[in-house]
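Here is a short note to keep beside you as you look at this one for the first time. Take the points in order, and turn the model as you read.

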Amino acid sequence: MKALLSATWLLFVTHLPRLLRSRRTLLVLIVALIPAAIAWIVTSVALKRSPSPGAVATMGGWILLMQVVVPLTALVMGSAAVAEEVEDRTLTYLFTRPMPRAALLLGRWAAIAVVLTVILALATWLFLVAAGRARGEGPQLDAGVRWPLATAVLMGGLAYSAAAAALGAFVRYPIVIGLGYAFAVEGFLANLPGKNQMLTLQHHLRSWIMAQGSETWSRFEKFTTAGTVDARTAAFVLVGVVVVALAVGSWRLSRREFLLSA
């Protein structure tokens with residue numbers, strides 16, 4: 001265990017600076033700021049019926065941030081945890097070092113999680129600032145809107161990125177499978193009635209927001225047409241996804257034989 005922790009920490013501190021300088025991180029940052037830019041435009045244009053701050057934050061927050069930006073940025077970042085080493089052909093060098101293989105996944109994902117959390121926190125803050133500029137009558141932008149959205153964004157980023165990182169230990173192109181699941185399978189299942197929703201991260205993120213949020217969220221149709229679970233269950237599932245994904249991914253990485261073509 002001591003060797004695993006030491007190797008994980010070493011890979012974390014070495015990968016973090018590299019991650020901050022990468023084009024992938026810059027691309028993710030640009031994508032994450034798109035909802036704030038859209039909200040700024042919407043609140044700046046003189047519309048016949050201007051939306052209220054609460055309406056912009058709930059609708060834009062769920063549709064743009066939670067359903068597009070969070071899964072997209074998390075999958076792009078998380079999928080590189082193992083796959084990037086395979087593509088760069090540096091995996092063999094790392095695995096010949098005297099360290100547990102699982103440290104590669106854990107250390108690199110930890111660095112990814114830190115950078116992704118900062119990016120998503122910044123993107124959410126700027127989005128809420130832009131939404132607060134709305135001057136229409138209706139629900140206002142209170143703590144019951146800000147806090148649930150911000151925490152759901154961060155939890156979603158960690159869950160999706162951990163799943164993508166673990167997937168990289170099984171397949172060569174985890175980003176393809178991850179995006180297909182997030183935007184095709186999950187987008188379909190999350191809106192179905194019954195227990196099918198329980199298989200999606202979106203359902204538990206929506207449940208967290210509804211349980212922690214104010215009545216402003218209940219005015220949004222997406223939240224009134226689907227059942228939810230309580231906050232404790234939602235948090236337990238989201239944390240469980242992170243833990244199980246990293247555990248299974250570490251187990252697979254420790255036993256998988258990688259064949260790098262010439």
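This is a predicted model: local features need pLDDT of at least 70, side-chain atom pairs count only at pLDDT 80 or more; totals for chains, interfaces and linings use all residues.

1. Residues are numbered from 1 along each chain as its sequence is written, and side-chain values use heavy atoms, with hydrogens and water left out. Helices here are DSSP runs (H or I, at least four residues), numbered from the N terminus.

2. Helix 4 and helix 8. Two packed helices are described by the angle between their axes and the distance between the axes. For helix 4 and helix 8 the angle is about 25 degrees and the axes are 8 Å apart; the axes are lines fitted to C-alpha atoms over the stretch in contact, with angles running from 0 to 180 degrees between N-to-C directions. That makes helix 4 roughly parallel to helix 8, a label for angles under 35 degrees, while those over 145 count as roughly antiparallel. The crossing is right-handed, meaning that the near helix is turned clockwise from the far one by less than a right angle. Among the residues that meet are G61, L65 and A74 in helix 4 and G156, G157 and Y160 in helix 8; contact means heavy atoms within 4.5 Å. The contact holds 14 nonpolar, 6 polar and no charged residues. Here Ala, Val, Leu, Ile, Met, Phe, Trp, Tyr, Cys and Pro count as nonpolar, Asp, Glu, Lys and Arg as charged, and the others, Gly among them, as polar.

3. Helix 4 and helix 9. The axes of helix 4 (residues 53–78) and helix 9 come within 10 Å and cross at roughly 165 degrees. Helix 4 is therefore roughly antiparallel to helix 9. Contact residues include Q67, P71 and L75 of helix 4 and I175, G178 and F183 of helix 9.

4. Helix 7 and helix 8. Helix 7 (residues 102–131) packs against helix 8 at about 150 degrees, with the axes 9 Å apart, so the two are roughly antiparallel. Their crossing is right-handed. W109 and F127 of helix 7 and R146 of helix 8 are among the contact residues, and the contact counts 16 nonpolar, 4 polar and 1 charged.

5. The largest pocket. It holds about 350 Å³ of space. A pocket is an open set of points on a 1 Å grid over the protein atoms alone, where a 1.4 Å probe fits, with protein on both sides within 12 Å along at least five of seven lines; lining residues have an atom within 4 Å of a point. The volume is the space filled by probe spheres set on the points, which are joined across faces, edges and corners.

6. Which helix gives the largest share of the lining of the largest pocket? Helix 9 does, with 6 residues. The lining divides into 18 nonpolar, 2 polar and no charged residues.

How values were computed. Angles under 35 degrees count as roughly parallel, over 145 as roughly antiparallel, 65 to 115 as roughly perpendicular and the rest as oblique.
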